[in-house]
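Good morning, everyone, and thank you for making time for this.

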Amino acid sequence: MSGTVVVTGLSVAAPNGLGTHDYWAATTAGRSGIGPVTRFDASPYPAGLAGEVPGFVAEDHLPGRLLPQTDRMTRMALAVADWALADAGVRPAELPAYDMGVATASSSGGFEFGQNELRALWSKGNQYVSAYQSFAWFYAVNTGQISIRNGMKGPGSVVVSDQAGGLDAVAQARRQVRKGTPLVVSGGIDASLCPWGWVAQMSDGRLSTTRDPERAYLPFDAAAHGYVPGEGGALLVVEDEEAARRRGARSLGEIAGYGATFDPAPGSGRPPALRAAIETALRDADLAAADVDAVFADGAGLPEPDRAEARALTEVFGAGGVPVTVPKTMTGRLHSGAAALDLAGALLAMRDGLIPPTVNVTRDPELTLDLVQETRPARLGAVLVLARGRHGFNSAMVLRAPRTRQGDI
């Protein structure tokens with residue numbers, strides 16, 4: 001094992017594109033997937049916009065036997081895992097079962113499946129509740145179902161840290177690869193756009209109640225007033241560099257550095273800890289701040305969290321010291337899928353030399369950020385991805401562009 005961990009394949013399910021090609025084409029063109037909720041009647045609720053994955057028909061991608069036992073979240077995860085493995089040129093049946101693992105993130109588990117079964121329990125009785133409810137709602141179900149479908153008997157885990165989970169899961173995958181598992185499927189796919197999930201998300205008052213898709217989610221804008229939720233995410237194939245080279249795989253980029261912190265309790269008088277997470281990730285990658293060519297920011301869409309993130313970025317990189325983008329303005333915040341999708345976007349950005357835009361936002365002049373608002377050509381050798389979860393989770397991950405020296409991947 002080399003100790004260097006690379007991404008050799010990826011795929012996505014996003015509100016502005018199903019599959020990597022459609023997602024990236026829409027993202028670099030600035031096309032949003034945010035619109036009125038269609039998966040249920042949201043008219044009685046204060047919030048009515050979401051990022052819904054278009055065109056996903058589970059029957060087109062999965063065998064019928066899986067459909068009764070899976071939530072929409074898991075169905076998308078299984079399909080996206082298939083696509084990511086194909087992108088990496090991996091045929092799981094040809095690899096030793098214990099050489100493959102799975103590490104995913106989840107914020108809600110199979111919420112829609114759980115809602116339907118609870119409705120059956122309350123309205124009809126316990127004999128009408130599916131036996132699959134025992135696991136279909138569970139946070140670890142995506143890890144389990146991907147493992148079973150692909151015969152992956154290596155380490156399996158799930159991380160529950162809200163929006164930060166996508167980075168935390170990939171960091172766990174990197175640990176497992178360094179400990180000896182050659183290949184791990186990792187990332188996050190979430191989907192809780194149902195009345196039960198909607199009410200849960202509305203409970204803390206952070207959802208935007210604006211019905212205009214272009215004015216609802218405005219991170220780093222003086223008019224920021226909440227976020228738009230969404231569904232989907234991304235899965236990556238994470239491998240040891242030497243093992244990937246031996247099977248002739250190409251690298252999309254290296255997982256070079258990672259840092260995670262937890263904010264102090266409100267009212268403690270101590271500062272937020274996002275800056276420490278960034279600095280830890282840079283040290284882990286053995287990079288200076290000046291080596292980072294772009295930042296995919298968390299972009300909470302709320303005034304105080306946005307100011308805190310902008311302050312951390314200014315303290316580390318200087319005023320306007322690095323291009324900053326929030327492509328999730330085109331998808332909404334996808335819970336555990338959000339950061340995983342940003343990792344996929346960052347890898348594609350390095351591949352194509354393009355920083356995708358932050359749409360619909362007018363930067364708050366009090367925030368000293370170089371906010372990318374139109375697709376910007378750039379040479380990207382290293383990209384920082386940030387994510388923050390509710391109640392204090394902070395994560396930062398540094399990706400390094402693949403090496404091109406002769407003999408390297």
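How many aromatic pairs does a search of the whole structure find? What we are looking at is a predicted model, and in it the search of the whole structure turns up nine aromatic pairs. Let me take you through two of them, and then a cluster.

In one of these pairs, Y23 and W24 come together in a tilted arrangement, with 6.3 Å from centre to centre and 45 degrees between the planes. Y23 counts as buried because its relative accessibility is 2%, and W24 is likewise buried, since its relative accessible area is 6%, where the cut-off for buried is under 20%.

The pair formed by W137 and F138 is edge-to-face, with its ring centres 5.3 Å apart and an angle of 70 degrees between the planes. Here W137 counts as partly exposed, because its relative accessibility is 34%, and F138 is partly exposed as well, with a relative accessible area of 39%. Please also find F40, Y45 and W198, which ring pairs link into a cluster.

Rolling a probe the size of a water molecule over the atoms shows where empty space is left. In this model the largest pocket holds about 740 Å³ of space, and among the 34 residues that line it, those closest to its centre are R206, D263, P305, H391 and G392.

Which element gives the most to the lining of the largest pocket? That is helix 10, which contributes five residues. Helix 10 spans 303–317, and this helix, strand 15 (382–389) and strand 16 (393–400) each supply at least two residues of that lining. If we sort the lining of the largest pocket by class, we find 13 nonpolar, nine polar and 12 charged residues.

The second largest pocket contains about 320 Å³ of space. Its lining is made up of 15 residues, and the ones that lie nearest its centre are S107, S108, D162, H335 and R390. Helix 7, covering residues 195–202, provides the largest share of this lining, namely three residues. By class, the lining of the second largest pocket consists of five nonpolar, eight polar and two charged residues.

Terms used. Residues numbered from 1 in each chain as written. Predicted model: local features only at pLDDT ≥ 70, side-chain atom pairs only at ≥ 80, totals over all residues. Heavy atoms only, no water. Phe/Tyr/Trp six-rings, centres within 6.5 Å; stacked < 30°, edge-to-face > 60°. Buried < 20%, exposed > 50% of the residue type's maximum accessible area, 1.4 Å probe, protein only. 1 Å grid on protein atoms, 1.4 Å probe; cavity = no way out; pocket = protein on both sides within 12 Å on 5 of 7 lines; lining within 4 Å. Points joined across faces, edges and corners; volume = space filled by probe spheres on them. Helix = DSSP H or I, 4+ residues; strand = E, 2+ residues; numbered from the N terminus. Nonpolar A, V, L, I, M, F, W, Y, C, P; charged D, E, K, R; others polar.
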